Amino acid sequence: MKLKQLEGLVELEQYPTGPHIASRMLFTAENSFGDVSNKVVADFGCGCGTLGAAAALLGAEHVIGIDVDSQALEIASLNAEDLELDIDYIQCDIRNLVWRGQAADTVVMNPPFGTRKKGADMDFLFNALKVASEAVYSLHKTSTRDHVRRAALWDFNASSAEVLCELRYAVPQLYKFHKKKEVDIAVDLWRFVPRK
Amino acid sequence: MRLLTHNMLSSNIKGVTNGFPLRIEVEKVVEKEVDLNPDFLRSMFSKIDWKALVHAARSIGYSELPDEADPSMLDSDDFLSRFHHALLQLHLEEGVLICPETGRRFPVNKGIPNMLLHEDEV
C-alpha cells in the first residue's frame with residue numbers, strides 16, 4: 001500500500017521517509033534488538049507517519065507520532081486509518097516536548113538533517129535520548145558521523161552510539177532551491193542507547 | 001489520545017516545574033477495542049503513574065480503577081482488563097488538556113493534542 005505523502009515545508013526540511021529505509025530501520029530494530037514488538041514506540045518528527053506505521057505493523061503495543069505540522073499529522077492519521085492501525089499523535093515542536101521521565105521504550109526518527117537550520121537533527125537526538133529508556137534509532141548524514149557520535153556520547157550522555165549501516169537516501173526534487181532532479185545522499189542508520 | 005499518552009505527557013511551558021499530570025476537560029470520548037496483552041500491561045505497570053491514571057480515567061467517565069494498586073494485583077484477570085481498558089481503549093477525542101500549574105489550555109481535536117507554545121512560553 002502506498003502511503004499519502006506531504007508537500008514539504010522548506011523550513012522544516014520535510015523529506016518523506018521511503019518505504020525501503022523505514023522497513024530497514026524497523027526490521028533491524030525488531031529482529032536484531034527486540035526494540036519494537038510489545039513496546040511503547042515514539043516517532044519523532046513523524047511527518048506522514050511512515051516509521052510509526054511500520055512500528056505498529058511490527059507489533060508495537062503503543063505508538064505515538066509527534067510533529068509540529070498539523071497538515072502532516074492529518075495525513076498521518078489518514079494513513080493510519082487506511083492501515084487500520086491505532087496510533088496516537090501529538091502536535092508539538094520536538095524541542096519543546098516534555099515527558100515524565102523515560103516514558104517511551106524506543107524512539108524512531110528521521111530528523112531534519114540540519115542543512116537548512118543548523119543543528120536541527122541534534123535537537124531531536126538530545127530529546128530522544130531524554131525520553132527513551134531502551135534505544136533510539138535515527139538517520140544522520142554520513143558526513144556528520146564523527147560529530148554525531150561525539151555529541152551523543154559526550155553531550156547527550158548516551159551509553160552507546162553505533163552505526164548499523166550506511167544507506168543511500170534519495171532526496172527527490174521537492175523544493176525550488178533543488179537544482180538537480182534527484183540527489184542521493186549517504187546517510188547512517190544509528191542505534192543509540194540512553195543511560196538509565 | 002489514549003490515557004497512556006496522557007500519562008507520559010507533561011506541560012511544556014517554560015518555567016513550569018509541576019506540569020504533570022495535565023487536567024482533562026472532556027467533550028467527547030471514544031472507545032476502540034484492542035487485544036489485551038498481559039505481558040505488556042505487567043511491564044507497563046511499574047512505569048505508569050497510577051494516581052494520574054485513576055484520576056484521568058475518572059475525569060473521562062471511567063471509575064472502575066482502584067485508588068491504590070500494587071504489583072500483586074497483576075495476577076487478577078479482572079484487574080488486568082480494567083487496567084487495559086483505561087490505558088489503551090479509551091481515547092480522548094475532543095476536549096482540553098490543562099496545565100496544572102498555570103491553567104494554560106491545550107486543545108485536543110480529532111484525538112490530537114495541540115502542545116504548540118506561544119513565543120513567550122518557550
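The model is predicted: local features need pLDDT of at least 70, side-chain atom pairs count only at pLDDT 80 or more, and totals for chains, interfaces and linings use all residues. Residues are numbered from 1 along each chain as its sequence is written, chains are lettered from A and ligands numbered from 1 in the order in which they are written, and side-chain values use heavy atoms, with hydrogens and water left out.

The side of chain A that touches chain B divides into 12 nonpolar, six polar and seven charged residues (Ala, Val, Leu, Ile, Met, Phe, Trp, Tyr, Cys and Pro count as nonpolar, Asp, Glu, Lys and Arg as charged, the others, Gly among them, as polar). Three salt bridges are counted between the chains, a salt bridge being a side-chain nitrogen of Lys or Arg within 4 Å of a carboxyl oxygen of Asp or Glu. One of them joins Asp105(A) and Lys47(B) (2.4 Å, N to O).

Chain A also holds an open sheet of seven strands in the order 3-2-1-4-5-7-6, with mixed pairing. Strands are DSSP runs (E, at least two residues), numbered from the N terminus, and two of them pair if DSSP finds at least two bridges between them. Strand 6 and strand 7 of chain A run antiparallel, joined by 13 bridges.

Definitions and conventions: Helices (H or I, at least four residues) and strands (E, at least two) are DSSP runs, numbered from the N terminus.
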